[in-house]
Every structure is written in C-alpha cells, then in structure tokens.
Amino acid sequence: MSKEKRITDEITPPNKDLEILKNNFPHCFDKNGAFDFDKFKTQLSENEINFSKESYGMDWLGKSYARLLATDEATTLLKEDESFNQKGENINSGNLLIKGDNLEVLKHLSNAYYEKIKMIYIDPPYNTGTDGFVYEDDRKFTKEELQELAGVSEEKAKRILAFTQSKSNSHSAWLTFMYPRLYIAKQLLKDDGVIFISIDDNEVAQLRILMDEIFGEENFVSEFIWEKKKKPSFLHNNVGKLSEYIMCYVNNSNKTFPFSIEKTTKGKKYPFNNAGNSLEELTFPPQTVEFSIEDCSIKPQDMSEGKIITELLDELTIKDGLNVNEFRLKGEWRYSQTTLNEIINNKEKISISKIPFRPNHIKVGGEIKKMKNSFSPTHYKMETNEDATMQIESLFGINLFSNPKPTKLIKTIIKAISYNDPKSIILDFFAGSGTTGDAIMQLNAEDEGNRKYILVQLPEKIDPKKNKTAYDFVKNELKVEEPTIFEITKERLIRASKKIQEENKESKEPKDLSNQDFGFKIFETTPIWEDYNFEAEELGEQTKLFDESKLTEEDIKTLLITWKTYDGIPLTQSLETINLDGYTTYYNNGKLYLMDKGFKTKNLTTLLEKIDSDSHFNPTSIIAFGYHFESKNLREISENIKSYANKKSIDIDFITRY
C-alpha cells in the first residue's frame, strides 16, 4: 500500500522479452528476480527443443557496452518550453519536438509511448568518414563498474573504455552508437508498426545484420532503393552512384499489412478460378450474384462440355439479373468457401460472366496495390536531394542544410504505412532539418488525416567554418546566441506550417483546414541536479540527502513532467490542477501528484472527501515528492489512505518518490 521509490535515477526502457519470460516461465526466476537459465534450458530440453551451440550473428568491440547503454537508466530530466507551448497554435497540439540526445529521449518516452508508435523513420549518420560522425559518450563508468555491469573481463573492460573515449568512427563505434537506440525504438512500435532507416553503402551490410538481431530476420521487408541524384556521383573508382537505401523492418510479420499509396481501378474483376488448383465446390446463397445474361433457368446438363472451368452442380434460376436460389459450382478456385462467405458478409459485388461461365469478384473501391521497392523519377515521380535543397531554400530564402531528404520521399513512405491508420503517431529521432514533420503536415492537409509526429534533435552546434550561412542565420535572424541544428528544425516546422496554410488559402479550391494540427510542443532533456544524491541505504528522519530549498518552481515542474511521462502519461497530455483546500495537486489517468510543501491534515481530509464524492476523480496512485514532506506527515497520509481504501474496498497506492 505504501511504497518508497527513488524513481528519478531509475528511468529505464521496459524489457518486453523479460516480461514474456516472467509471464510464461515464472518458476525460472528466484526470489530476488534473477533468471535461472539452466532451469529454463532444462525445461525446454524436456520439450525437445535443441540448444545448438552454433549460431549466426555479429559481434564487435563494444557490443556488451551497447547492450548496457540500452538498459541503463536515464541521466536527465524532461523540461517544458512553457512560453512556446502556451501559444495559441501549440497549446492543444499533439505534435512534439524534443531537444536532446536521442538515446536519453527514447528512454524517457519508453513508458508513455510503449507500443504506441505506428512508424519510425530515421536518417542516422552514414559514417562516410566525411559526415562528421564520431562516437562520443558522456557516461563515466569505471573499469570495475563496467566489468560488473556488462559482464566482461578486466582486459575487455579496458579496451571498451579506451574505445568509447577515443572519438572513433569505426564500424564498431557506429554499431555501438546505433544498437541501444534501435533496441529501445523497437519497444515503442505497435504490433503492426514499421521502421524505415536511410543508409548508404558504408554501413548497409552492418545495419542489416544488426536489424536481424534486434528485430528478427523474419521481420525484414526490403531494402528500398532511392534514386537521390539526377546526375551520378563519380567519386567511386568503378561506378557513378545515383542511389542509396532505405531499410525496412516490421515489428511483427504476423501482424503486417500491404504497404500501399494507391488502389487498382474501381470495377476491376478478379476471377474466382485459378488454373492448377484442385477441384472444389462453392455454394452461393440466393441474391448474392449478378448475371450478365437474360433471365432464365440453367440446368447442369446445359453446360458445355470439355475442359472444366466452371461446372454447375444444381439448377440455377435467374430473375432480374440475380440468382433466386442457392446453387453450387465446381471449379479450380482461388477462394475458399470461408473467403467467399466473408465477401458475401461484406456485401462485396460478385458477378458471373457469360463466356466463360465463371464468377468474378469486383472489389468495392478497388484493391490495395502494393508499393514498389524503388523510389525514382520513374516510380512515384520521386524527388531527389537537389529537390530537397530547393525546398529548404523556398522556406528560408537560403540553403541552410546539406543533403536534406525531400518531403515527397518521406510523405510517400508515411502514406504507404498509415492509409489504414490516419491517426497514427510517427517518430523520427534523427530529425535533422525537420522534413518528417513537414511531410506529415502536408499529408494531413491533403487527405484530412490526423497523424501526429514526435521529432527528436540534438542541439548540435553549428560550426561557422563549415556552414557560415546557417550559423549567421540562426545567430542574427533567429537571435540565438549559440546556434544549433535544433533551431533550424524548429524554424522549419513553424515556416512549413504557415506555408501549407497560405498555399491552401490561395488555391482554386481551398480546403477547410480548421481542424488540422499545425502546431507542436517543445520539451528538452536537462541533467539531473548534480548533488541530487541517491546513495543512502535508508531515508530516515535524520538523513539529509539533498537541500530541497535550492529547487525552484521550474525545477519542480521539470520533475513532475519527468515522473508523469515515466508513469505512462504522454507528453502532450496536460495534468489537471486540483485545489485541495489551498493545496495544489496534479492529476491525470489515475495518478495524483503531491509536489509542493505545506500539505496539512485539512488537505488530506479534503482529498479523501473528494475521492468519496467525485465520480470522475479516481486516483489509483498518490505520489508525493518526499523532500517536501516530513516523515510523520508521510506516515499520516499513508495510514489514512490505507484505512480509507480498506473501508471502501478499493486499491490506492501511496508512493513516496525522491
């Protein structure tokens, strides 16, 4: 009933695989929660599952470290840009732009957005040797800590630490960088979710094997080819390069669907027969089939002999172009009786042609047409890098970004995945210039969809020597003292939003875009307070771990946002402010937060009365910020809530957090 948790430094992604093991093999865990692999292996061996010692996979220096990073706790908090988020176009927006290291951000999102993302698109560093990628890591493990946490030898721990601090751009460095991000990203995808990753020749082979390990070889879809140039690059010794790849995996191949941006022509006929199949019988109920022959009766013996396409087994009566009695046909069918029944239940159209005498299925609205795995001017009239550069210039008046992706490319991919889910959430945690957000707003405006985006961008400093144009623009026009890529991402979304709306107003047939979401909210990661100590074994009355008087109102809000996201409440959902006789609390989705000082007995009384009288107020967890409460105060709250919950036969957890 009453719990004490040090949550702030224990924010880690959920481990789906571990939960599956706990649910299905609980007896293979000891009382401390440790997994007994030998016991697990013994049970599976009894069920004739062979544990082969040979296996296929990939290893690299840093793999054990990458796995550690994937499950290690976050070292940051989440902070809101209140002034920006309270603007009219942003206050109710469901879109997100988050500033910070994407590994930290993914960890923060891992509970609130667990299995909620329909599609992920990322354009990570290609590790070309000239794109500026080097592995940098601010995690400070000692050799001994790494040995214990990663389960490696002293020698290997030494080599890993040297490698992570060397600013390497080797294959091992790139894989160590990508592994934890992709591992957590998989946890965010819905069961029918899809991930697309742009990549070129430098790391495509390594990425394929890495994705096989994380997502499963059976979930590979394709390596899409994108023709990114109108004229080839002849930098390679042997060939002129025109294209790069977009690697695609589904989260669960058993839950997948056709990727499509178009349908076949309406009214196209799909014959029931399929030469080469075994002969089967299909039964058609009355009034289900339209005929292209005059009203009459047809008897089985009236059918022409010879090679069987369709054989009538019963007398068939037709009136007003419909069958009026049940009849059976024998043929080499492509559809089973079960599928035929589904077609009939869905009121799809079935017709029978006169010559040859056979049923045809006419799909209402046409049939989903699978997309091709090639994006080029020939296929989908695809845009190139040059087009993307022009799009940036049309928004900003200058060229700020090197090698951006064109909006049509991303828009095509999103449309192909979300045509059956127009309220889907799209995640891009290498946001760059913000093309994904722009593409989603354009697509929503075109088809009245309600897709939402989550973009993540590191506040990467712009080097004035490498890109003076971008540096001067951010510093002088946007008035940002320390120019970063994030500011370009943010400004791109603002300008793209305005452009879509202005172009719609000026079009010959403007659409009603009043219900479209053209805003976004901004959050950022910020380091946990330097002296926020969590080392004490117990938090007794005499224990003083942290001087809470140094915390500002903004610090408390930051802590609250971090906790509510950890508790599964999306960042775009606001907490309801509830006044308990002068004490302010924050409530959403069964979670009630007591963050401020000054909680008294009268506030507790008001809280219990409100639970008793307000049917819309049903906290299942009451969470108190421990540093703002005295121990006796916490005991009083805990005991009263426990007593009240027992009396009412309900469950309410009281949790003290630090």
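These exercises walk through a predicted model, each with a worked solution.

Residues are numbered from 1 along each chain as its sequence is written. In this predicted model, local features need pLDDT of at least 70, side-chain atom pairs count only at pLDDT 80 or more, and totals for chains, interfaces and linings use all residues, while side-chain values use heavy atoms, with hydrogens and water left out.

**Exercise 1. Aromatic pairs**

Classify the ring pair of Tyr65 and Phe141.

Solution. 
- A pair of aromatic rings is described by the distance of the centres and the angle of the planes.
- Apply the rule. Rings of Phe, Tyr and Trp (its six-membered ring) pair if their centres lie within 6.5 Å; planes under 30 degrees apart count as stacked, over 60 as edge-to-face and the rest as tilted. The count by this rule is 28 aromatic pairs.
- Check the values. The centres of Tyr65 and Phe141 are 5.9 Å apart and the planes stand at 90 degrees, so the pair is edge-to-face.
- Tyr65 is in helix 3 (residues 63-71) and Phe141 is in the loop between strand 4 and helix 6 (143-150), 76 residues apart.
- Check burial. Buried means under 20% relative accessible area, exposed over 50%, partly exposed in between (1.4 Å probe, protein chains only). Tyr65 is buried at 0%, and Phe141 is buried at 13%.
- Tyr583 is buried at 4%. Phe599 is buried at 5%.
- Finish with a cluster. Ring pairs link Phe196, Phe224, Phe257, Phe259, Phe375, Tyr380 and Tyr419.

**Exercise 2. Helix 8 and its surroundings**

Describe how helix 8 packs on helix 9, then locate Arg181.

Solution. 
- Two packed helices are described by the angle between their axes and the distance between the axes.
- For helix 8 and helix 9 (residues 204-215), the angle is about 35 degrees and the axes are 10 Å apart.
- Name the residues that meet. Among them are Trp174, Leu175 and Met178 in helix 8, and Leu207, Leu210 and Phe215 in helix 9.
- Look at a charge. The charged end of Lys186 sits over the ring of Phe215, 5.7 Å from its centre. The rule asks for NZ of Lys or CZ of Arg within 6 Å of the ring centre and within 35 degrees of the ring normal.
- Locate Arg181: helix 8 (residues 171-188) holds it. Arg181 is buried, with a relative accessible area of 7%.
- List its contacts (heavy atoms within 4.5 Å). Not counting residues up to four places away in sequence, Arg181 touches Asp101, Asn102, Leu103, Leu106, Phe429 and Phe430.

**Exercise 3. The three-strand sheet**

Give the order of the open sheet of three strands and a bridge partner in it.

Solution. 
- The order is 10-16-13, with antiparallel pairing.
- Strand 10 (280-284) and strand 13 (310-312) stand at the edges, each with a single partner strand, so one side of each is left without a neighbour in the sheet.
- Strand 10 and strand 16 (residues 327-331) are joined by five bridges. Glu281 has Lys330 in strand 16 as its bridge partner.

Key: Helix = DSSP H or I, 4+ residues; strand = E, 2+ residues; numbered from the N terminus. Axes fitted to C-alpha atoms, helices over the stretch in contact; angles between N-to-C directions. Pairing = 2+ DSSP bridges.
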